[in-house]
Amino acid sequence: MGLTAETLGLQSIGSLYHNLDYDQLFNHELEKGETRLSSNGTMMVDTGAFTGRSPKDKYVVQQAPSAPRVAWGTINKPVLASVFDDLYQEVTSYLSGRDLYVTDGFCGANPATRKKVRFVTEFAWQSHFCRNMFIRPEADQLTGFAPDFTVYNASNLTDSKWEEHGLNSEVFVLFNIEKNITLIGGTWYGGEMKKGLFTMMNYWLPQQGILPMHCSANIGPEEDVCLFFGLSGTGKTTLSTDTSRRLIGDDEHGWDDDGIFNFEGGCYAKVINLDPESEPEIYQAIRRNALLENVIADEAGNIDYADASKTENTRVSYPIFHIDNHEPALKGGHPSNIIFLTCDAFGVLPPVALLSQEQAMYYFLSGYTAKVAGTERGVTESQATFSACFGEAFLPSPPIVYAKLLGEKIERHNVHAYLINTGWSGGGYGVGERTGIGETRGCINAILNGSIQNVETDVLPIFHLRIPRELPGVDSALLNPRNTWQDPVAYDQAAQKLAAMFVENFEKYGEEQISKAGPEF
């Protein structure tokens, strides 16, 4: 039996396009003028005014039984069930009678815990995005597909009663945990659908003792798994995409009793300043069936990846099989190594440090990176950014829930943890130089081959981090950040300033034992 208006919760349907393949989507996008074609055959879409998520417009319905598990506040803002019901009526009425694209997929590569998800969208390119990003079921798995969760994306609909509803604006992204529905309106940004499901996995999985993680993962020839945590711009996607290791996934994973598994079936990479020499795998993945967002191209479709005039957040989504050396199962065993990536614009943190279990929990909870001057409007000097668990915007539950799960799994599986700084040395932004990708790769290679565990180390003052004196293939002069500054006193002052930011940020957790693993000033 095919889909009907009733099964979709609608009054009626125009033309219904259900689980179109890539070639069909390609034709729909072009015929309807939704996208442009680049010179190499990749689709390009402009998402309008919204070139990123709209976190101030995200709400969760506050109701039993989910309410006690949710960390209410600026991340998870409560909304009344009556507001959701009102907007559900608006969305379903708006979508009724229209031509719609319905896409079914899995979230989670472990069949025991994966979720069946249905996306109801207005545009072919949105279906294309979902087909790229979620796990594509086989034909027999689509027979009788009954979704566990449904996303209604009415991107052209705005909430005219937003003030009456007590919302931030006419844009809305509403989660109803009990009804297993997300409503999206007023924003075209595809990432709202992707991160919406990540948010829900962050709610469901910890209740089963499974750690959901905002990280990339790869697996080596010896079947050793490595996790890469990091906020946007720290190198998570770039550094996990390695020709010598199979890519499990670039962004969202779970860690259960069997090991690591990807939530997704694709990758969503930033492409600003994309360089085919330093990031060849990502560059080569941008071909037909990939979908570029908000890039600038000339009339012939030649893309200028350095052009940020539309946004710094230019993106591409593509199915993971566009990476030649990917792991088909999207799964691996328990990790041998965990790497926390930070882009420290203050030039204080070392290029690599070995972490104790307590330090791993501290830096995981801190989720530190830094914005550099000029990357955002109004940012005139480097600013510290702390995002708990390297993904606070997607955590429905208190961050300590995830940190304790991480600590338990590190201890149980004897996992090594490291901090890698892909930011500046020899001074902060504007004075020092950013660590080269070759040096960072050298540090990561030493982690992956285990040689870093056999080197002599020093302890970095203030942060109390163990740092190697020497590493194969890495300039030893760079390993102690204090020694890279012309003025060591200026380094100490910068280190104390950054340490104070860490301490102040961590006070809200009230975890005295873990806080002892942090810096002192």
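User: How many cavities of 30 Å³ or more does a search of the whole structure find?

Analyst: This is a predicted model, in which local features need pLDDT of at least 70, side-chain atom pairs count only at pLDDT 80 or more, and totals for chains, interfaces and linings use all residues. Residues are numbered from 1 along each chain as its sequence is written, and side-chain values use heavy atoms, with hydrogens and water left out. On a 1 Å grid over the protein atoms alone, a cavity is a set of points where a 1.4 Å probe fits but cannot get out. The search of the whole structure finds six cavities of 30 Å³ or more.

User: What volume does the largest cavity have?

Analyst: Grid points are joined across faces, edges and corners, and a volume is the space filled by probe spheres set on the points. For the largest cavity, that gives about 70 Å³.

User: Which element gives the most to the lining of the largest cavity?

Analyst: Lining residues have an atom within 4 Å of a point. Among them are R53, K58, F175, K195 and F394. Strand 9 (172-176) and helix 5 (191-204) are the elements that give two or more residues; helices (H or I, at least four residues) and strands (E, at least two) are DSSP runs, numbered from the N terminus. The most, four residues, comes from helix 5.

User: The lining includes K195 and F394. How far is the charged end of K195 from the centre of the ring of F394?

Analyst: A charge sits over a ring if NZ of Lys or CZ of Arg is within 6 Å of the ring centre and within 35 degrees of the ring normal. R315 lies over the face of Y268 at 5.0 Å from the ring centre. The charged end of K195 sits over the ring of F394, and its distance from the centre is 4.8 Å.

User: Why is the pair of Y17 and Y101 stacked?

Analyst: Rings of Phe, Tyr and Trp (its six-membered ring) pair if their centres lie within 6.5 Å; planes under 30 degrees apart count as stacked, over 60 as edge-to-face and the rest as tilted. The structure holds 30 aromatic pairs. The centres of Y17 and Y101 are 4.9 Å apart, and the pair is stacked because the planes are at 25 degrees.

User: How many residues apart are Y17 and Y101?

Analyst: Y17 is in strand 1 (residues 16-18), and Y101 is in strand 6 (residues 100-107). The pair links distant parts of the chain, and the separation is 84 residues.

User: Is Y101 buried or exposed?

Analyst: Buried means under 20% relative accessible area, exposed over 50%, partly exposed in between (1.4 Å probe, protein chains only). Y17 is at 21%, so Y17 counts as partly exposed. Y101 is at 0%, so Y101 counts as buried.

User: Which parts do Y363 and F502 tie together?

Analyst: The ring centres of Y363 and F502 are 5.7 Å apart and the planes are at 65 degrees, so this pair is edge-to-face. Both residues belong to a cluster linked by ring pairs, which also includes Y362 and F506. The pair ties together parts 139 residues apart in sequence: helix 8 (residues 357-366) and helix 12 (residues 488-506).

User: Which residue caps the N-terminal end of helix 1?

Analyst: Helix 1 covers residues 22-31, and its buried residues are Y22, L25, F26, H28 and E29. A polar contact is a pair of N or O atoms within 3.5 Å; within protein, one must be able to donate a hydrogen and the other to accept it, and residues adjacent in sequence count only if both atoms are side-chain atoms. At the N-terminal end, a side-chain oxygen lies 3.2 Å from the backbone nitrogen of D23, and the capping residue is D21.

User: Which residues does T92 touch, not counting those up to four places away in sequence?

Analyst: T92 is in helix 2 (residues 81-95). At 1% relative accessibility, T92 counts as buried. Its side chain reaches the backbone oxygen of Y88 at 2.8 Å. Contact means heavy atoms within 4.5 Å, and T92 touches G9, L10 and Q11.

User: Where does I462 lie?

Analyst: I462 is not a glycine, yet has a positive phi of about 75 degrees. At 14% relative accessibility, I462 counts as buried. I462 lies in the loop between strand 29 (457-460) and strand 30 (465-468).

User: What is omega for the cis peptide bond of A64 and P65?

Analyst: P65 is in the loop between strand 4 (58-61) and strand 5 (77-79). The cis bond joins A64 and P65, with omega at about 0 degrees.

How values were computed
1 Å grid on protein atoms, 1.4 Å probe; cavity = no way out; pocket = protein on both sides within 12 Å on 5 of 7 lines; lining within 4 Å.
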